[in-house]
Every structure is written in C-alpha cells, then in structure tokens.
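Me: Hi! Could you walk me through this structure with some questions and answers?

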Amino acid sequence: MAEYPPSLDAWRGGFRSERVRRFFGRFAALVQENEGEAISELFRTIAQEAIATNPQLTVNAQQPMVIRFLRLHPPELDAPQGAVAEPMEAFIADVWRDESGTMRVNKRVAVGDAAQVKQ
Amino acid sequence: MKLMQAYFTGLSNYLSEGWNRFWFTPTDSRDLCRLRLPLGALLLVWQLSFTPDLLRWFGANGWMDIALFRRLVGAPTPATALDHLSYLFSSSPTVLWICHILSAIVLLLFTIGFKTRWMNGLSFGVILAYIHRAPFLNGPTEMLLTMLTGYLVLAPSGDYYSWDARGRAEAPTPTSGATIARRLIQLHVILFYLAVLSTQLASVTWWRGDAIWWIAARPDSRLVNLDWVRLNPNVMNLWTHAIVLSELLFLALIWNRWFRPLVVALSSLAWLSLGLASGNFGLTITLCVAHLVFLLNSESPRSAKTGR
C-alpha cells in the first residue's frame, strides 16, 4: 500500500487528510479485492521501486481493469537538503492489462506538481 | 365489549394526539436558526478543504478523474448534472474552479442567512454535488452534514440571526416546519447513535476494553502519540467503556429535559476524546454541532423556565 504522505502531517485531524486517508484505504482494498494477491504484490513492488526498471510485467489475466494508484514521495528521501517539499508530491502510474493479458505500466508525472520521480 | 371499544378509542386518540403534538405543533425556529450558523461554517470549511487539491482530485488527470469514476462506480459518464446529482463532472480546470467558487459563495450566503430558504436548498445541492462526484471520499461526516442541511430546508432557518431578519418589524410566527425539521434531525442523530453503538457492541474490542488502543495506534491519522495508553490498561479500559457508556446514557436519557444537557455534554466529551485518538475531528465536531438541536430547543429546562 502506498505510504501516507508525511508532508500532510500538518493537516491531520482535518477534512483534507481524512479524505486522503480514506481514499488510500478504500482504493487499496478495492485493488486487492478485484485482483487478489498478484496485484497487491505488484502494488507494493511498484510503490517501493519507483517504476524504472521493468514496466512490462506478466500476470495471469482475469479481466481487464485499469488500476490507478499513487506513490507519494517521502520528501526527506528525495528532496535536497533544506528543500521544502510540496505537499502531496506524487506520481501516478496507470497499470492495466492489454488484450493479451499482459500487465502494462505507464508512468507519468503528477498533474500540477513538479515532482521528480526517483530513478 | 364497550369497555374494550372505549379503551381502543382512547388509545387511538392518545397516540394520534401525541403523534401530532410531537411532529406538528407549531414552534419557534430560533434554535434552528442558531444551528444554521455553526452548520454553515462547518459546511464552508468542509467545502473549502477541497481547494488545495481540487484538480488533484477532479482534474483531467486527477486521482478521481471521470474515467476512474466510471470504473469504480460502474456507471457511464453522466450526460447531465442530474444524472449523478453533481455539477463537478467536468475535466476543464476553469469550469471546476468556477463551480467550486460559486459553491463556496452559496455556503457563505447560507451561513449569514441571505435569502436563507433558497441558499439552504442550494447548499444541500452543493454538498450532494461533492459527495456524488467522489463517493470514495465519503464517510459518516458527510452523512451527518447532508442530513443536517437537508432537514433544515424544511424550517425557516433564516427567521433569526440572519441577514434576512434585519429590520423585521414583527416576530416570526411559529411553524410546523420548524417542528418537523427539529424532530427529523433529533431522530436521525439518535439513529446514528444506535448504529454506532450496535457496531461497537458487535466488536469484541469494545467489550474487552481495548478498542481505544486500536484506534489510537494507527500512525497515519492520530494527532498525538498515545502509545502510553498501551502501558496503562486501566486507563485504556476506562476510556473505552466510558465512550460506550456515554452513548448508552445518551440514548436512554436524551428525551428527559433535565438530563438532556448532561448527556449531551458527556457524549460530546466522549466524541472529542475519540477525535483525539483517531485524528478524525471532522466527524467529532460535526456531531457536536448536531447535538445543538437537542440543547437549544424550546424543551430545554432553561426555556421551560422562561416560558419559550
């Protein structure tokens, strides 16, 4: 599961952070429910590795589904010393199965943010 | 036979008179007008909390863009706003921002009581629009806000403490609408308590007395570090059981005008403590606002003494 953004610590207790937390929890549950352990493991792998090495993954196809999830940078890992991280820095990866059932991953920079994906 | 007939006739009259008295006796709407103020402020804060992330959520490439909405909800893209009770199904940032700003203006006007009846209805539409646009983001807070806003439409909530009330020469007349709105809100809050309590009592952690620890141990949402609770089982048990007890007392005594302020205060404290442990102050504060419908009404001991 993608990690909770530490840069939202300042907003804890409010509607904004609760909304994000709820979305993560429900989305991850839906992913797991629909795709089982295979995609859950994929989800964890992608979240940990920052999708740079092998965008094509082969998984047993069950039915086509577009899965979109977030990986949120822990700013202390990526930001230069003293930099102020933008809240909710993220990239979005679209993961889907093509007609042959091959899992495809399309990585792109998050809308509105100048997030740099760590390679 | 005549005795039985007389009994059932009397019973029918008693129930019907009680029903009419409970629901339809014209009452003053002052308490609902007072409720409008914190409710409107809460709605405004809730809606404005979308502002930093509006395009992140609903933009063309947002986290809850229309394509994902279709996938998750299993529905086609709405052709009109009425299809899903939302006007936020647009990918254009300009349109989204205009809708967002206009929505905030509506909620502000509702709060200050300008054209209150109209703004109340529009505010109900605003909250439905955001809820239906992103069903994945909703929780009990949104349910309570919708309930309060929707029921308040039935009452003249702009008769007092509003822009509309300025310079009014005559005192507003009591209405049945105020009574109906008040009773609906009260009953819905009680149903909410019943749902919460039944869920808690179905869970072994609440019986065992360590539920508050499981709530406080989640690192992604809590406001303060409550790890010390684990080392103090007595505190943990007392805290857990006190929350359940406060809810039981609320349900048992809320209709008694003398115990009402006490159980409302106890329940509010319990929910505030839950907010501290869970980090979900949105729900806590919304429920405390909902409690006002019990405290401010004409049946409180203070108003009984003053005769209003």
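Reply: Happy to; here are some notes on the model, and then we take the questions in turn. This is a predicted model, in which local features need pLDDT of at least 70, side-chain atom pairs count only at pLDDT 80 or more, and totals for chains, interfaces and linings use all residues. Residues are numbered from 1 along each chain as its sequence is written, chains are lettered from A and ligands numbered from 1 in the order in which they are written, and side-chain values use heavy atoms, leaving out hydrogens and water.

Me: In what order do the elements of chain A run from the N terminus on?

Reply: Helices (H or I, at least four residues) and strands (E, at least two) are DSSP runs, numbered from the N terminus. Chain A has two helices and four strands. From the N terminus on, its elements run α-β-β-α-β-β.

Me: What percentage of the residues of chain A count as buried?

Reply: Buried means under 20% relative accessible area, exposed over 50%, and partly exposed in between (1.4 Å probe, protein chains only). Chain A has 119 residues, and the share that counts as buried is 47%.

Me: Is Asp159(B), which meets Arg168(B) in a salt bridge, buried or exposed?

Reply: The side chains of Arg168(B) and Asp159(B) meet at 3.9 Å, N to O. Arg168(B) is partly exposed, because its relative accessibility is 36%. Asp159(B) has a relative accessibility of 15%, so it counts as buried.

Me: How many aromatic pairs does a search of the whole structure find?

Reply: Rings of Phe, Tyr and Trp (its six-membered ring) pair if their centres lie within 6.5 Å; planes under 30 degrees apart count as stacked, over 60 as edge-to-face and the rest as tilted. Over all chains, the number of aromatic pairs is 14.

Me: What kind of aromatic pair do Tyr160(B) and Tyr161(B) form?

Reply: Their ring centres lie 6.3 Å apart, with 45° between the planes. Tyr160(B) is buried, at a relative accessible area of 12%, while Tyr161(B) is partly exposed at 36%. The pair of Tyr160(B) and Tyr161(B) is tilted.

Me: Which residue lies over the face of Phe22(B)?

Reply: A charge sits over a ring if NZ of Lys or CZ of Arg is within 6 Å of the ring centre and within 35 degrees of the ring normal. Phe22(B) belongs to an aromatic cluster that includes Trp19(B), Trp23(B) and Trp271(B). At 4.1 Å from the ring centre of Phe22(B), the residue over its face is Arg183(B).

Me: Which residue just after H12(B) takes a positive phi?

Reply: Helix H12 (residues 260-278) of chain B has 19 residues and reaches 26 Å from its first C-alpha to its last, close to the 27 Å expected; the expected span is 1.5 Å times one less than the number of residues. Its buried residues include Arg260(B), Trp271(B) and Leu274(B), and helix H8 (176-201) and helix H13 (281-295) of chain B are among the elements that cover the buried residues. Just after H12(B), the residue with a positive phi, about 85°, is Gly279(B).

Me: How many of the 13 residues of H7(B) are buried?

Reply: Helix H7 (residues 140-152) of chain B should span 18 Å, and its end C-alpha atoms are 18 Å apart, which agrees. Among its buried residues are Glu142(B), Met147(B) and Gly150(B). H7(B) is largely enclosed by the rest of the structure, because the number of its 13 residues that are buried is 10.

Me: Is Trp118(B) buried or exposed?

Reply: Trp118(B) is found in helix H6 (residues 116-133) of chain B. Its relative accessibility is 67%, so Trp118(B) counts as exposed.

How values were computed:
Contact means heavy atoms within 4.5 Å. A salt bridge is a side-chain nitrogen of Lys or Arg within 4 Å of a carboxyl oxygen of Asp or Glu.
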